[in-house]
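Take a look at the sequence and the model below. A short report on the layout follows.

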Amino acid sequence: MATFDLEGTFKTHNLDTAPPTSTEATEEELLDYFKTMYTMRRMEITCDNEYKSRAIRGFCHLYDGQEAIATGINDAFTQEDSWITSYRCHCVALIRGGSVEKVLAELFGLQNGYTKGKGGSMHFYNKEHNFYGGQGIVGAQVPVGVGLAFANKYKTPEGEHMPVALSAYGDGAANQGQIWEAANMAALWKLPAIFCCENNSYGMGTSVERHTSNPDGDYYKMGNAIPGVKIDGMNVLSVREGMKFVKEYCASGNGPIYVEMNTYRYHGHSMSDPGTTYRSRDEIAATRSARDPIEFVKKCLIENNMKDEAELKEIEKSIRKEVQAAAKKAKSSPIPPMEELYNYVYAEDGTKEKAEKQKFIRMPQYKNSVQNA
Ligand SMILES: Cc1ncc(C[n+]2csc(CCOP(=O)(O)OP(=O)(O)O)c2C)c(N)n1
Ligand SMILES: [Mg+2]
């Protein structure tokens with residue numbers, strides 16, 4: 001066990017209390033964060049390679065650089081808490097009941113995938129772990145997340161702690177009207193809703209300096225009357241402690257809260273963006289060397305004599321092998337059968353797994369469309 005200083009890693013808005021200025025973490029916890037984040041990193045790098053070899057097609061948005069956010073939130077949450085995010089969702093899918101094999105099989109469009117090969121990169125979903133995706137439309141997940149917060153409040157007896165509902169969105173999405181409308185409703189009804197902006201400094205190809213009228217961003221203040229917390233999203237311990245604080249605030253009936261995670265994305269916006277036309281290679285390299293979330297945890301382990309450099313290298317080596325093996329196994333999955341097209345389209349009564357058959361499915365060529373008279 002060691003103590004870690006969190007001074008300066010939080011800012012608050014409209015709050016009388018704040019997350020703690022230090023925390024403790026055990027070797028086991030830190031090692032677990034390191035392994036989780038390194039697995040995420042390798043999984044995303046594998047996606048990059050598989051995309052370039054055309055085994056993965058379509059849209060594909062990678063999360064490398066942002067791993068501490070999903071990891072820290074997950075540690076502060078239980079499976080009862082709801083979580084919904086944007087298209088940049090592979091690593092949340094992994095941590096909410098997934099496996100590298102299931103995530104990659106989904107990206108390959110195969111039957112053993114997380115969503116049986118039908119969702120692809122942007123549409124992961126896992127009801128059992130209260131993970132609701134994965135949305136391709138910028139900002140659209142936020143009102144849905146407020147609906148989840150409504151459900152959590154509705155189902156919890158008055159006065160008891162509620163599960164919270166987190167909607168993650170980007171800095172580019174943050175100025176959308178639908179977020180404000182949803183936040184207003186959440187505040188009026190005191191819903192346990194967390195508006196979590198993952199500020200990675202860029203919208204698609206536009207920096208925060210260009211896309212927001214507030215040059216500092218200050219996304220944690222955007223709820224105006226709604227309180228907010230800014231968290232160092234590259235420090236998994238800050239994310240964990242900040243989100244424990246935020247969760248307690250919302251779960252105990254105080255209403256919604258805004259969170260801004262300060263982070264960075266290493267890859268371009270998606271696989272079709274090299275990511276270097278609107279920012280410099282030096283900026284990316286400088287972030288990697290000064291703020292990398294995985295290097296941060298490694299440093300915590302080494303400086304507290306919990307693990308040495310060589311031991312961590314060995315762990316990295318074995319994770320690389322595991323991810324490679326998972327990719328191989330994912331590729332051996334069968335392709336989804338034609339019938340899979342009809343499943344989960346319309347639910348019969350909300351309880352049955354198998355949905356009713358759709359009467360007509362329009363395929364790209366009309367003559368190939370499917371009739372189910
Ligand atoms: C309503 C809508 N407008 C535009 C797009 C195209 N688009 C996809 S992602 C994106 C940028 C979003 O940036 P940000 O919210 O910062 O998220 P990040 O990709 O950085 O995680 C845009 C404009 C879309 N998918 N939906
Ligand atoms: Mg962004």
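Predicted model: local features only at pLDDT ≥ 70, side-chain atom pairs only at ≥ 80, totals over all residues.

Residues are numbered from 1 along each chain as its sequence is written, while chains are lettered from A and ligands numbered from 1 in the order in which they are written.

**Domains and ligand**

The protein is divided into domain 1 (2-336) and domain 2 (338-373). These bounds come from an automatic or database domain assignment. The C-alpha centres of domain 1 and domain 2 are 33 Å apart.

Ligand 1 is surrounded by 15 residues. The closest are V138, G170, G172, A173 and G203. A residue belongs here if its C-beta atom, placed from the backbone, lies within 6 Å of the molecule. By class, the shell has six nonpolar, seven polar and two charged residues. Ala, Val, Leu, Ile, Met, Phe, Trp, Tyr, Cys and Pro count as nonpolar, Asp, Glu, Lys and Arg as charged, and the others, Gly among them, as polar.

**Core**

The largest nonpolar core holds 89 residues. Such a core is a set of buried Ala, Val, Leu, Ile, Met, Phe, Trp, Tyr and Cys residues joined through C-beta atoms within 7 Å. Buried means 20 or more other C-beta atoms within 10 Å of a residue's own; exposed means 12 or fewer, and partly exposed is in between, with C-beta atoms placed from the backbone. I194, F195, V259 and V297 touch the most other members. Leaving out residues up to four places away in sequence, V259 touches I194, F195, C196, C197, Y220, G228, V229, I231 and V246. Contact means C-beta atoms, placed from the backbone, within 7 Å.

**Strand β5**

Helices (H or I, at least four residues) and strands (E, at least two) are DSSP runs, numbered from the N terminus. All six residues of β5 (165-170) are buried. A165, S167 and Y169 cover one side, and L166, A168 and G170 the other. Strands pair if DSSP finds at least two bridges between them. β5 pairs in the parallel sense with β4 (82-84) over three bridges. There, S82 stands opposite A165. β5 also pairs in the parallel sense with β6 (193-199), over six bridges. The partner of A168 in β6 is C196.

**Helix α4**

Eight of the eight residues of α4 (100-107) are buried, so the helix is largely enclosed by the rest of the structure. Charged E101, K102 and E106 are among the buried residues. The buried residues pack against α1 (27-52), α3 (90-95) and α11 (309-331). Just after α4, G109 takes a positive phi of about 75 degrees.

**Single residues**

| Residue | C-beta neighbours inside 10 Å | Class |
|---|---|---|
| N130 | 21 | buried |
| K190 | 15 | partly exposed |
| E340 | 13 | partly exposed |

N130 lies in the loop between α4 and α5 (141-155). Its phi is positive, near 50 degrees, in a residue other than glycine. K190 sits in the loop between α6 (177-188) and β6. K190 also has a positive phi, about 45 degrees, although it is not a glycine.

E340 is in the loop between α11 and β9 (360-361). Which residues does E340 contact, leaving aside neighbours within four places in sequence? The contacts are K116 and K118. E340 and Q111 are 229 residues apart in sequence, yet 8.8 Å apart in space, C-alpha to C-alpha.

Conventions. Contact = placed C-beta atoms within 7 Å.
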